[in-house]
Amino acid sequence: VLWTTALNEATVVGHWSLGTSVTDDDDALVSVYADGTGTPGYWKNHSDRLPVIDGEVLVGDWNHNWVCDAGETCLSLTAEEALAAIGTAARGDKTYGVARPLVTAWFNVSVGNDSSCIAGDISTAIAWLSVNPIGSGVTDWSDVADVAQRLDDYNNGLLCAESRG
């Protein structure tokens with residue numbers, strides 16, 4: 001799945017021992033491909049590919065500058081907390097029913113998959129988890145169950161991004 005195409009440009013300057021400078025320019029059109037979306041199981045089994053910096057995940061950092069800027073609603077997790085969130089079934093605590101597809105979707109978005117169909121769902125899930133923190137034992141998620149389902153569908157390649165297959 002094509003994620004983006006960019007023009008890479010480079011200039012090299014060398015200095016000869018007699019003081020003469022030599023310069024050369026080159027450019028290349030580079031295409032970056034996303035692999036497609038992965039499920040929670042994929043990310044648990046490929047934790048070496050997690051989009052983290054210094055062991056941290058910032059869910060909702062849309063410009064990927066590792067700062068929750070004005071206009072962004074973010075959820076900060078350690079890599080361990082993120083893996084626990086995607087590895088814990090909702091059962092009685094529905095915060096995991098939201099965190100599991102949310103964190104998985106964020107991993108999928110962060111590696112370049114199209115997020116146009118779920119950007120609002122990601123923001124809604126983050127806002128819900130900011131009121132109902134992961135692991136807080138919430139049993140009623142009727143206001144976000146449909147959001148969690150759309151995020152899960154996205155992670156399974158059923159919406160705007162293809163599955164890893």
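# Exercises on salt bridges and disulfides

Aspartate 146 is partly exposed, with a relative accessible area of 42% (buried means under 20%, exposed over 50% and partly exposed in between, with a 1.4 Å probe and protein chains only). The model is predicted, so local features need pLDDT of at least 70 and side-chain atom pairs count only at pLDDT 80 or more, whereas totals for chains, interfaces and linings use all residues. Residues are numbered from 1 along each chain as its sequence is written, and side-chain values use heavy atoms, with hydrogens and water left out.

**Exercise 1.** Determine which residue forms a salt bridge with aspartate 146, and state the distance between the closest N and O atoms.

*Solution.* Step 1: apply the criterion (a side-chain nitrogen of Lys or Arg within 4 Å of a carboxyl oxygen of Asp or Glu). The partner is arginine 150, and the closest N and O atoms lie 3.7 Å apart.

Step 1: Arginine 150 and aspartate 146 are 4 residues apart in helix α5, so about one helical turn separates them (helices are DSSP runs of H or I, at least four residues, and strands are runs of E, at least two, numbered from the N terminus).

**Exercise 2.** State how many salt bridges the whole structure holds, and describe how Asp121, Asp146 and Arg150 are linked.

*Solution.* Step 1: a search of the whole structure returns 2 salt bridges.

Step 1: arginine 150 also pairs with aspartate 121, where the closest N and O atoms are 2.6 Å apart. This pair links distant parts of the chain, with arginine 150 in helix α5 and aspartate 121 in helix α4, 29 residues apart.

Step 2: classify the accessibilities. Arginine 150 has a relative accessibility of 32% and therefore counts as partly exposed, whereas aspartate 121, at 8%, is buried.

Step 3: Asp121, Asp146 and Arg150 form a network of salt bridges.

**Exercise 3.** Determine how many disulfides the model contains, and assign the handedness of the link between cysteine 68 and cysteine 74.

*Solution.* Step 1: with the distance criterion (a pair of cysteine sulfur atoms within 2.5 Å), the search of the whole structure gives 2 disulfides.

Step 1: the sulfur atoms of cysteine 68 and cysteine 74 are 2.3 Å apart. The torsion about their S-S bond is about 95°, so this disulfide is right-handed.

Step 2: cysteine 68 is partly exposed at 36% relative accessibility, and cysteine 74 is partly exposed at 21%.

**Exercise 4.** Determine which parts of the chain are tied together by cysteine 117 and cysteine 160.

*Solution.* Step 1: cysteine 117 and cysteine 160 form a disulfide with sulfur atoms 2.1 Å apart. Its torsion about the S-S bond is -65°, and the link is left-handed.

Step 1: cysteine 117 lies in the loop between α3 (95-110) and α4 (119-131), and cysteine 160 in the segment after α5 (145-155), so the pair ties together parts 43 residues apart in sequence.

Step 2: cysteine 117 counts as partly exposed at 32% relative accessibility, as does cysteine 160 at 24%.

Step 3: when the bonded cysteines are numbered in sequence order, the pairing reads 1-2, 3-4.

**Exercise 5.** Decide whether isoleucine 86 is buried or exposed, and state how far its C-alpha lies from that of proline 40.

*Solution.* Step 1: isoleucine 86 belongs to helix α2 (residues 79-87).

Step 1: its relative accessible area is 0%, so isoleucine 86 is buried.

Step 2: isoleucine 86 and proline 40 are 46 residues apart in sequence, while their C-alpha atoms are 5.5 Å apart in space.
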